[in-house]
Amino acid sequence: MERETGAREGLKGWLHPGKIGKFGIERLAWLLMRLTGLGLLAYFIGHIYETSHILDGKAVWDKSLEMTQTTEGHLFLALVIGMCVFHTGNGIRLLIAQMGYGIGKAERPDYPYKPQSINMKGKACIYATLGMAALAMWYGMAVMFT
Amino acid sequence: MVTIHPKLSNELSQTVVSSTKSVKLKIKRSNPNVNSDEKFDEFVVPIEKWTTVLDSLLDVKSYLDHSVGIRYSCRQASCGSCGMKINGKLGLACFTKISELDSDTVTVEPMDNYPVVRDLVVNFDRMINNHKKIMPYVIREDSEIDAESGVREFLQSPKNVEKYIQFSNCIKCGLCNSACPTMAMDKSFVGPQALAQAYRYIADDRDKGKNKRLKIIDESHGIWRCHFAGSCSQVCPKGVDPAMGIQLLRGYLLGIRD
Ligand code: HEM
Ligand code: SF4
Ligand code: FES
């Protein structure tokens with residue numbers, strides 16, 4: 001029996017920046033989808049906890065709102081906005097692609113074997129989603145910091 | 001230590017045609033059955049415009065160090081034996097020309113996400129088992145052996161061949177499974193190679209095993225663990241595009257396709 005050690009890369013296979021260079025923008029989108037999904041989940045739980053303070057009266061509620069009225073708070077909220085936009089936009093792309101649309105049609109492969117499922121439409125969607133997320137963050141910060 | 005190929009050393013250059021160019025070939029060495037040591041051995045080898053990574057590895061084995069462990073057979077991207085990491089990128093050694101790598105150093109390592117047997121050879125048990133699991137053959141109630149006429153064939157139209165021929169190009173080299181980020185974490189994931197083959201047989205209209213296969217892949221470590229990172233398709237040397245096959249396969253389970 002061969003040893004199982006080294007049989008899986010583990011987290012390195014997910015987070016190593018070299019992976020994105022080697023496997024392209026789709027791999028970055030995949031990683032960001034996971035991170036933003038988990039980030040949003042964490043924010044969602046925190047958000048429920050924060051807003052539950054409304055039951056403790058106005059003073060406590062106002063105090064808890066102050067948490068995000070700082071520079072760090074604003075930056076954190078800007079990050080949440082970015083995560084929201086990216087996760088939603090990329091989520092819609094994935095829903096469509098995973099239903100089998102926009103990934104090309106099976107055909108007789110020929111050299112140099114360009115995979116059809118990795119195409120310009122998908123890449124354009126990913127870049128557009130990243131751009132929209134950046135724009136939303138910028139707009140959010142413009143509102144919060146004035 | 002760097003070992004220099006005899007064709008490149010001065011004493012011999014009069015007797016052998018000396019190559020104008022050479023590269024440093026760094027080979028990752030390990031033998032997990034003996035100990036956990038890992039090291040890179042370096043060799044300087046001559047190259048021509050047409051020299052493949054496999055050619056150079058065989059050159060090393062012939063002239064410099066015959067103990068280097070590699071697996072190969074066809075030398076023409078047909079047998080699926082020689083998948084490895086070449087300068088960090090997954091590819092077939094026999095299908096990668098050194099001149100096209102545009103580098104003076106070529107580093108070869110075994111594929112990720114497989115147990116190493118020795119040096120560049122990895123263990124394919126998991127991939128082969130998953131491949132078998134999806135029943136990679138035409139499933140029928142009736143038989144090609146006919147009582148009256150002897151042997152007959154299950155007919156297939158040229159039009160229908162086009163629906164799956166792409167996926168039947170798979171040579172089981174395992175590069176897709178090595179690239180897949182789910183494979184990096186999930187020890188039970190069925191993997192892109194087997195999923196693409198499930199699609200290949202389901203899309204074949206001679207086959208009647210669709211429901212059986214869909215049941216096999218519709219489980220917790222099955223098709224739903226694919227998140228369409230697309231890395232499998234980026235590395236496939238045969239144009240199989242496993243990611244396409246997997247998304248098309250989902251269509252059956254989602255009720256979009258029948
Ligand atoms: C309209 C908004 C949203 C859309 C369209 C959307 C869509 C998706 C899709 C399609 C996936 C699967 C991705 C894949 O196959 O890899 C996903 C994953 C996920 N989503 Fe969302 N989502 C949305 C909002 C949210 C929110 C608000 C949260 C958190 C509370 C969230 C948390 C997650 C998590 C944790 C994952 C798993 C991460 C992963 O598998 O990569 N999502 N989302
Ligand atoms: S799908 Fe492509 S990369 Fe995967 S095993 Fe088959 S030929 Fe190799
Ligand atoms: S030696 Fe057969 S695929 Fe490379």
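Start with both chains in view: chain A and chain B bury about 3,800 Å² between them, 57% of it on carbon and sulfur atoms. Buried area here is the accessible area, taken with a 1.4 Å probe, that two parts lose on being put together, summed over both. This is a predicted model, in which local features need pLDDT of at least 70 and side-chain atom pairs count only at pLDDT 80 or more, while totals for chains, interfaces and linings use all residues. Residues are numbered from 1 along each chain as its sequence is written, chains are lettered from A and ligands numbered from 1 in the order in which they are written, and side-chain values use heavy atoms, with hydrogens and water left out.

**The two chains**

Select the residues in contact (heavy atoms within 4.5 Å): 40 from chain A and 51 from chain B. Two salt bridges cross this interface; a salt bridge is a side-chain nitrogen of Lys or Arg within 4 Å of a carboxyl oxygen of Asp or Glu. For one of them, pick A:Arg108 and B:Glu162, whose closest N and O atoms are 2.8 Å apart.

Helices are DSSP runs of H or I with at least four residues, and strands are runs of E with at least two, numbered from the N terminus.

**The two domains of chain B**

Colour chain B by domain: domain 1 covers 2–122 and domain 2 covers 125–254, with bounds from an automatic or database domain assignment. Their C-alpha centres lie 32 Å apart. Where they meet, 14 residues of domain 1 are in contact with 15 of domain 2.

The area buried between the two domains of chain B is about 1,100 Å², with carbon and sulfur atoms giving 58%. Select B:Leu90, B:Asn113 and B:Tyr114 next: they supply 49% of what domain 1 buries against domain 2, more than any other three residues. Zero salt bridges are counted between these domains.

**A stop at B:Lys39**

Finally, zoom to B:Lys39 in strand β3 (residues 38–47) of chain B. Leaving aside neighbours within four places in sequence, B:Lys39 is in contact with B:Ile27, B:Lys28 and B:Arg29.
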